[in-house]
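Subject: The two-chain model

Hi,

Here is the model I promised to pass on.

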Amino acid sequence: MIALIQPSVDPAVEYVRQLPWAPSILIAGAASLGFAAFALTRRHPGEAGLAFTLAGGALALVLVELGQGRLGFATAWVAACVAIGAALVAGVARRVPGAPRTAPGNEQRLLALGLVAVLAAAIAIAALAVDWPRRDAASVSAAVTAGALGAAGLVGVLTRRHGVSLVLAATLSALALAALTSTLPFPQAGSFAFLLLAFAALVGAGGLTLAAASLERGHGPWIEPLEEDAP
Amino acid sequence: MDPYLGPVAGALLAAFAAGIALGVVRLRRLSLEWWRRRASRAGAAALNSAADAPDADGPLDLAAAPPVFGALALTALVALLGVAVAARGEFAAVRAATPPPAAVPALPPSWTAFAAQASGLVLVAGLAFLLTLGAALAVSLLDRAVARLLARFVPGERPVAPDGELDVPALVAAAGREQGPGEPFGVGLASIVLIAATVFAMASLVVALGGGPSPVPAVAVALLVVPVAYAAAAERASRPEAARLRRDAAVRQLAVAPLWGAGLVFAPSALALAALALAGALALPGASAQPGAFMLPWGGDAAEPSPVVRALSRVAHGAWIAILAALPFVAVAGPVTSIVDGVALAARVLLALVAFLAARAMVRHFVLPHAAVA
């Protein structure tokens, strides 16, 4: 009787296992996700900016492997520009006498992770239910990478308490959205991806301008430490 | 990604070497004492002359720092310019109805193919790393020779650029020198990223010479990483004076990004060459010893107290001069198929390098004479 019992594989797991995967894209995507996680958890915006640039570079490699070289280099370019702006804005805190040089940390990580996990699972199930006209290994792997980066950016947005890293997280989500768009099997997807990339650059510049204005006026948790950060 | 695996491997190798030199990467299980003893013997004399940086800790007006909103506007402009240039190429490709490059069918995995690919990666990475160091040393030697030649014909001028010297004993001595308290982790990370971006750009040139894709976009992105590193180092600097100098350098490098971006777009026209030459003077790694967003660097971070950081910035400075001099020729020439082609290309690059250094020396001695005594 026992011998008749066969271990069953969940159909969903089997479905995902049978999808085509490109290991090179997944490795570059994992590197990008690692750099992004480092960037979004650093409390020094300068180091966060460096890691954000590296995350953009690794995402560029993903897009190059996808055959979207122009979009890839433009992505790395935008990430570097936003990182420069973030580091320069962070320097404003130096002008405020007595301001803490370390940005406040994040909060409610578990809640944010749980929320984003539920959201990501819902989107992934919906995406897997669609019978896409093109489903090659590179597109699937790049889409998964972009989705993971977008989720990381969303976690960063939900857990930030100061402007500069909030902007980095929002820009990461926008860059991931551009990369995700480029994997769609439509002829206009490339054009939309560039528009989203321009949107990401504007999000970064606009957000950093607001952060700089609040820092210069002495507002925000960076200048005024929250109660739990105060000695 | 295949054509960029070599540059990525070169950047990782450079980052590892720079991390060891800076002390960010610690090889606790390996004794490097023999290397340190050898370095201290070989480069003691050179170190003594290079160790004491000019004192830049004088009073600086921090309130006169570059306005942040202007810098942000510049950042947005540069970002949108990059997107527009890339999108223009994309739309042009769509209009021309050129199909995307077909994927190369993957060969069945075999140990022979893996070994061939791995050895190719190691070769490109090692070659790019050595070329970067060699280019920096060659530029330093040429700079010194040009300055001496100029001093021979123009009496009373200073023969050698004081902050542009770079030689092997100084590099070895800097790598073996004790660091002391040092700077924060972020400053070391910025130096590592700076040198890795330099080797990445050099490796892109190597790959292009071997038949790879055009090096222009990779070099452009790597050059934009230079202000990222300086801005991050400014943010993490422990001394306000160092922060000011690094921030000035980042703003200067960012401000000329549209100029060299246009040069890269229109290469290899005469306008592009002029833009690249100007960029070579203005966008190079290096922070001046004096505050000011447009104080030109003549050879790395002159006011940096750490000898290793100073040496790394000088290597990056010299190597970027060589990269910018070689880029138009490599982009036009394409893959090198014979030794004659390679020698002709090297001669052209050398000529461009000497012309650029001579023009820079003339500017330094005649147009900006106060900079010669920095």
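Start with B:Leu224: setting aside neighbours within four places in sequence, this residue is in contact (heavy atoms within 4.5 Å) with A:Trp77, A:Ala80, A:Cys81, A:Ile84, B:Val78, B:Ala257 and B:Trp260. B:Leu224 is also one of the residues that touch the most other members of the largest nonpolar core, along with A:Phe52, A:Val89, B:Trp260 and B:Trp320. That core has 150 residues. A nonpolar core here is a set of buried Ala, Val, Leu, Ile, Met, Phe, Trp, Tyr and Cys residues joined through side-chain atoms within 4.5 Å. Buried means under 20% relative accessible area, exposed means over 50%, and partly exposed is in between, with a 1.4 Å probe and protein chains only.

Before going further, some housekeeping. This is a predicted model, where local features need pLDDT of at least 70 and side-chain atom pairs count only at pLDDT 80 or more, while totals for chains, interfaces and linings use all residues. Residues are numbered from 1 along each chain as its sequence is written, chains are lettered from A and ligands numbered from 1 in the order in which they are written, and side-chain values use heavy atoms, with hydrogens and water left out.

Now the chains themselves. Chain A has eight helices and zero strands, and chain B has 13 helices and zero strands. Those come from DSSP runs numbered from the N terminus (helices are H or I, at least four residues; strands are E, at least two). Of the 231 residues in chain A, 47% count as buried; for the 374 residues of chain B the figure is 50%. In chain A, 79% of the contacts between residues at least 6 apart in sequence join residues at least 24 apart. For chain B, residues 24 or more positions apart account for 79% of the contacts with a separation of 6 or more.

How do the chains meet? 48 residues of chain A are in contact with 50 residues of chain B. Together the two chains bury about 4,200 Å², 77% of it on carbon and sulfur atoms. (Buried area is the accessible area, 1.4 Å probe, that two parts lose on being put together, summed over both.) A:Leu50, A:Trp77 and A:Leu88 supply 19% of the area that chain A buries against chain B, more than any other three residues.

Polar links are there too: five residue pairs between chain A and chain B are in polar contact, both residues at pLDDT 80 or more. A polar contact is a pair of N or O atoms within 3.5 Å; within protein, one must be able to donate a hydrogen and the other to accept it, and residues adjacent in sequence count only if both atoms are side-chain atoms. On the side of chain A that touches chain B, the elements giving two or more residues are helix H2 (23-41), H3, helix H4 (69-90) and helix H8 (189-216) of chain A. H4(A) gives the most, with 16 residues. That side divides into 30 nonpolar, 10 polar and eight charged residues. (Ala, Val, Leu, Ile, Met, Phe, Trp, Tyr, Cys and Pro count as nonpolar, Asp, Glu, Lys and Arg as charged, and the others, Gly among them, as polar.)

On to charges. The structure holds four salt bridges over all chains, a salt bridge being a side-chain nitrogen of Lys or Arg within 4 Å of a carboxyl oxygen of Asp or Glu. Across the interface of chain A and chain B there is one. Which residues make it? The side chains of A:Glu47 and B:Arg236 meet there, 2.8 Å from N to O. B:Arg236 lies in helix H8 (residues 216-236) of chain B and A:Glu47 in helix H3 (residues 45-65) of chain A, so the pair joins two chains. Both residues are buried.

A:Glu47 also forms a salt bridge with A:Arg42, their closest N and O atoms being 2.3 Å apart. A:Glu47 has a relative accessible area of 1%, whereas A:Arg42, at 25%, counts as partly exposed.

Within chain B, B:Asp143 pairs with B:Arg360 in a salt bridge, with the closest N and O atoms 3.2 Å apart. B:Asp143 is in helix H5 (residues 111-153) and B:Arg360 in helix H13 (residues 339-367), so the pair ties together parts that are 217 residues apart in sequence. Both B:Asp143 and B:Arg360 are buried.

Cheers
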